[in-house]
Amino acid sequence: MGELLCPQCGAPVPVRSAAMPYAVCGHCQSVLRRTDGETVTRIGEAASLPFDVSPLELGTRGTTPDGLSFVVAGRVRWGWGDGAWNEWLLSMPGGNLAWLGEAMGQFQWLAERADLLSHPLIAAFAQGQPLPLGSVIEVDGRSYKATDVKHATCLGGEGDLPFPTPRDWAIDSIDFRESNGGALSVQRDPQGVSAYLGHYIELAALKPRGLRMIEGWTLPEALR
Amino acid sequence: MSEEAKASRAKSGARAITCPSCGGTIGIKAAGYTVSVACLYCGTVLDVAHEDVRVIAEYHQAVARLDIPLGTRGTLFGVEWEVVGWLERSGAGATWQEYLLFNPYAGYRWLVGDEGAWHFGTMLTDTPVMVADTLAQWRGRGFELEDAPIQIVTRRVLGEFYWRVRSGDVVEAASFAASGQTLSCEWNDTETQWTQLIPLAPRQVKAAFTPPGAGPQPQDAPSRGWFARFWSLPFADRDDLVPMFGIGVIGVLASLIVMTALAGNGGGITAQTMVEVDGGTTHGQYGPLTISRPSQMVTVGLAMQTFTNKWIDVDLALVERQSHQAIHAGTTIQHYSGSDSDGDWEEGSHGATVEFADVPRGTYDLTIQAQGHSWHSGTQAADPAGSGSDPLAAAESPWGVKTAEAPPVTVLAMGFSAEKGGVDWALFWTVAGLILVLPIGVFLYRLSQGRLS
């Protein structure tokens, strides 16, 4: 794992995913942009993340459902009127990425699916149309139904990320669920729409190592 | 936030807020997940989703005293849970309690208590599909609608929740059952939530969530002072132990004879049936059993072939042949074993006795319905689903992890006998205990005093 020095405060900034153009300094919350792998520019400051008791942290490792190893390289936290959720960026060998969504103590394994943007409902959503509760999108023969429609703002980020995480970044986020535990997440911001497909997953199924130690709690046996 | 504040929060593992209504300090256990808190001191419901704490509904009430206080920790299925929230809900004329359990590594579960019956609830991420009006399908099995959907109202709330809770919340709800498992479905205009409910033995709940030093303790011997004073009465020194025991034993025998005579005796039914585990329901009808007295007791003894980590729900009914009046009774035969940090454990049994107390005169058939269920606790030695000994990967475990194939159906033999009469053993032992307590007490006391020669 490489390391950068924060141009703002001089603190070392570990690089967990060299493919990621952005990183947040863990010490002063500066948002840094990497170019050529060498040059680092400070482009802003992220909000510091509020304390939470997530079992994950930067550097947690594990195994994907396909058997690949991953490391948690970054996190974005989103807030909406009635709560907040985490999206953890997982970096895999070969520069592949996946996301682990964490809300209400449950996890969703998600990978970006650019091909879904041509779906008529998602294309219309990109044009500014609403994507209301109950909308159904068929993907690979399975029906995904919109169960959650939220307007959210970015509460901050940490680690290596594919995008900067400015404080005023607002998105429309639509969650779809499928009866076998499948999940589809469609997000829209002024720059465009992105779609992520995956499924609910138990933390233990990821065989995590290096989970965060939370004072007052011991790791359940199955996660040791 | 300053680095120091951040460090101290990270260390304490909790966020604390001050109730704007009563000034009480409330520690938030599930920081980052918790959205609303009902103040432990005044009941005021607070919005804590954001840095600024806002009042949702203000109350100044004496907060409820809970059977399991918030903050209590207990271990179920190998995971330690903290009770972080409590709801009192009612619907269809009943009122019950729901405790929200939290572990940062395992998420949320529910502990639902309804008049001494307990269930462990897991929110489902793979949802049942309605295949008919009254039939839901989940993980390859059909679950029948139990009753017409009801409205559930949340009456009182306390503690912290991952949604914006408030008393007065109303949802529609229906429950679906198959072989002892229950799936509960709750919905409103925007959301549908399915929850798997697994029955828990009351003693499991008690063992897990009764903090040491709380609740009823094993009976201690009366204090020395009281004991000594009582036995310093004059009769205590007389050599009367043998007559005391003699009279006691005669009294016990007499009561046994009287009770046996009252109980009556006569022809019974003995038969055997087979019970599928995680399969269909066994139905059987056996008879006749004729009651010739105005009222009599009927005792049904059940004995199962040996098993472990399973429970058998048995519904019994005595149905009168002419009037078709039925007297119902039920029991659960359960046996579990496994090992945890305290070593190997085992609980339950392979048999049960069911008593029908006052059966009126008539000719009866005994009907039996039995359903067997396996408990995939993950700690059993041989897991039929082949998912190993990992409790987080057991089939239909409370963890909700799916496995590819359904376990094979196990069939267990169940023998039973129904006998008219039968002594009310509970009553007999009570009588015997009352008769013999005095001579035994005297004997023990003198033994402790070294006065027996």
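Reader: In chain B of this model, what percentage of the contacts between residues at least 6 apart in sequence join residues at least 24 apart?
Author: The model is predicted, and its chain B is built from five helices and 24 strands. Of the 453 residues in chain B, 29% are buried. Among contacts in chain B between residues at least 6 apart in sequence, the share that joins residues at least 24 apart is 58%.

Reader: And what is the corresponding percentage for chain A, counting contacts with a separation of 6 or more?
Author: Chain A has one helix and 15 strands, and buried residues account for 41% of its 224 residues. For contacts in chain A with a separation of 6 or more, the part contributed by residues 24 or more positions apart is 50%.

Reader: Which element supplies the largest share of the side of chain B that touches chain A?
Author: The contact involves 33 residues from chain A and 38 residues from chain B. On the chain B side, α1 (3-12) and β9 (107-114) each supply at least two residues. By class, that side has 20 nonpolar, ten polar and eight charged residues. Its largest share, four residues, comes from α1(B).

Reader: Which helix of chain B has the lowest confidence?
Author: Confidence in chain B is highest in strand β8 (residues 94-103), at a mean of 96. Over residues 215-237 of chain B, by contrast, the pLDDT is below 50, and this stretch has four contacts in the model beyond near neighbours in sequence. The lowest confidence in chain B, a mean of 38, belongs to helix α3 (residues 224-231).

Reader: Which residue of β24(B) stands opposite Gly301(B)?
Author: Strand β19 (residues 282-304) of chain B is joined by 16 bridges to strand β23 (residues 351-374) of chain B, and the two run antiparallel. Seven bridges join β19(B) to strand β24 (residues 410-420) of chain B, again in an antiparallel arrangement. Gly301(B) stands opposite Thr353(B) in β23(B), and in β24(B) it stands opposite Ser417(B).

Reader: Why does His373(B) count as buried, and how many C-beta neighbours does it have inside 10 Å?
Author: His373(B) lies in strand β23 of chain B. Beyond its neighbours within four places in sequence, His373(B) is in contact with residues including Ser179(B), Gly180(B), Lys310(B) and Trp311(B). A residue is buried if 20 or more other C-beta atoms lie within 10 Å of its own. His373(B) therefore counts as buried, since its number of C-beta neighbours inside 10 Å is 23.

Reader: What separates the C-alpha atoms of His373(B) and Asp278(B)?
Author: Asp278(B) is among the contacts of His373(B), as is Val277(B). Along the chain, His373(B) and Asp278(B) are 95 residues apart, yet the separation of their C-alpha atoms is 4.9 Å.

Reader: Turning to chain A, how many residues lie between β14(A) and β15(A) in their hairpin?
Author: Strand β15 (residues 192-201) of chain A is mostly covered, with seven of its ten residues buried. On one pairing, six bridges join β15(A) to strand β10 (residues 106-112) of chain A, running antiparallel, with Leu110(A) as the bridge partner of Gly198(A). Eight bridges join β15(A) to strand β14 (residues 182-189) of chain A, also antiparallel, and here Arg188(A) stands opposite Val193(A). In the hairpin that β14(A) and β15(A) form, the number of residues between them is two.

Reader: How many residues are in the largest nonpolar core?
Author: In soluble globular proteins, nonpolar side chains tend to be buried together. The members of the largest core that touch the most other members are Leu90(A), Trp99(A), Leu184(A), Ala195(A) and Leu101(B). Trp99(A) touches residues including Leu89(A), Leu90(A), Leu110(A) and Tyr196(A), not counting residues up to four places away in sequence. A second, separate core of 25 residues includes Val314(B), Leu318(B), Ile333(B) and Trp375(B), whereas the number of residues in the largest nonpolar core is 99.

How values were computed
Residues are numbered from 1 along each chain as its sequence is written. Chains are lettered from A and ligands numbered from 1 in the order in which they are written. This is a predicted model: local features need pLDDT of at least 70, side-chain atom pairs count only at pLDDT 80 or more; totals for chains, interfaces and linings use all residues. A residue is buried if 20 or more other C-beta atoms lie within 10 Å of its own, exposed if 12 or fewer, and partly exposed in between; C-beta atoms are placed from the backbone. Two residues are in contact if their C-beta atoms, placed from the backbone, lie within 7 Å. Ala, Val, Leu, Ile, Met, Phe, Trp, Tyr, Cys and Pro count as nonpolar, Asp, Glu, Lys and Arg as charged, and the others, Gly among them, as polar. Two strands pair if DSSP finds at least two bridges between them. A nonpolar core is a set of buried Ala, Val, Leu, Ile, Met, Phe, Trp, Tyr and Cys residues joined through C-beta atoms within 7 Å. pLDDT is the predictor's confidence in each residue, from 0 to 100.
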